[in-house]
Amino acid sequence: MTATVQQVGELLQRDITDPLEVKQVSRWIEYADMLIRRRYPNLDALITDGSINSDAVDMVEAMAVARYALNPEGVTSRSTSIDDYQETQGLRNAQPGIVILDTEWALIAPKTTTAGTGAFTIVPAGRRDQW
């Protein structure tokens, strides 16, 4: 139920084999797992009863860690200039630290089985066939 260093390496399109890098990425995966467990303290139970897919949790953890590995300082733009030429790149979703995006939270939101219990739900009062 926790992403692996290999999954992060696949997203980065390279092997992570250096022992120090493996240790660092493993720690970042732990941090991503802590973020998810902060929102869903009963994560194990939600996975066991099928409300949350464990593969989706692994994917979200791996994506958050890979995004952080690509830009650990949270740089929002990069500029390159050579003589009279200048190029600037803006980086979307640049965040310092491991961040799980709203779209990723939506992927691991528990399935709700209680249909018709919202604030705007209309429930008939009584049966019409009594007349």
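This is a predicted model: local features need pLDDT of at least 70, side-chain atom pairs count only at pLDDT 80 or more; totals for chains, interfaces and linings use all residues.
Biologist: By class, how many nonpolar residues does the contact of H1 with H4 have?

Modeller: Ala, Val, Leu, Ile, Met, Phe, Trp, Tyr, Cys and Pro count as nonpolar, Asp, Glu, Lys and Arg as charged, and the others, Gly among them, as polar. Sorted that way, the contact of H1 with H4 has one polar and one charged residue, and its nonpolar residues number nine.

Biologist: What is the description of H1 relative to H4, given their angle?

Modeller: Axes are lines fitted to C-alpha atoms, for helices over the stretch in contact, and angles run from 0 to 180 degrees between N-to-C directions. Under 35 degrees counts as roughly parallel, over 145 as roughly antiparallel, 65 to 115 as roughly perpendicular and the rest as oblique. H1 (residues 5–12) and H4 (residues 54–70) pack at about 55°, with axes 9 Å apart. That makes H1, relative to H4, oblique.

Biologist: And is the crossing of H1 and H4 left-handed or right-handed?

Modeller: A crossing is left-handed if the near helix is turned anticlockwise from the far one by less than a right angle, and right-handed if clockwise. For H1 and H4, the crossing is right-handed.

Biologist: How far apart should the ends of H4 be, and how far apart are its end C-alpha atoms?

Modeller: The expected span is 1.5 Å times one less than the number of residues. With 17 residues, H4 should span 24 Å, and its end C-alpha atoms agree with that, lying apart by 24 Å.

Biologist: What do the buried residues of H4 pack against?

Modeller: Buried means under 20% relative accessible area, exposed over 50% and partly exposed in between (1.4 Å probe, protein chains only). In H4 the buried set includes Ala 56, Val 57, Val 60, Ala 64 and Tyr 68. Their packing partners are H1, H2 (19–39), H3 (43–48) and H5 (102–107).

Biologist: Which residues of H4 make the contact with H2?

Modeller: H2 and H4 pack at about 125°, with axes 9 Å apart. That makes H2 oblique to H4, and the crossing is right-handed. From H2 come Val 25, Trp 28, Ile 29, Ala 32, Asp 33 and Ile 36, and from H4 come Val 57, Val 60, Glu 61, Val 65, Tyr 68 and Ala 69.

Biologist: By class, how many charged residues does that contact of H2 with H4 have?

Modeller: The tally gives 10 nonpolar and no polar residues, and the charged count is two.

Biologist: Which residues does Trp 28 contact, leaving aside neighbours within four places in sequence?

Modeller: Trp 28 is found in H2 and counts as buried at 14% relative accessibility. Its C-alpha is 9.4 Å from that of Gly 97, 69 residues away in sequence. Its contacts are Val 65, Tyr 68, Ala 69 and Ile 98.

Biologist: Is Val 60 buried or exposed, going by its relative accessibility?

Modeller: Val 60 sits in H4. Not counting residues up to four places away in sequence, Val 60 touches Ile 36, Ile 100, Glu 104, Leu 107 and Ile 108. Its relative accessibility is 0%, so Val 60 counts as buried.

Biologist: What is the relative accessible area of Asp 83?

Modeller: Asp 83 is in the loop between E1 (77–82) and E2 (85–90). Its phi is near 50°, a positive value in a residue other than glycine. Asp 83 is exposed, with a relative accessible area of 79%.

Biologist: In what order do the elements of the protein chain run from the N terminus on?

Modeller: Helices (H or I, at least four residues) and strands (E, at least two) are DSSP runs, numbered from the N terminus. The chain has five helices and two strands. They run α-α-α-α-β-β-α.

Note on methods:
Residues are numbered from 1 along each chain as its sequence is written. Side-chain values use heavy atoms; hydrogens and water are left out. Contact means heavy atoms within 4.5 Å.
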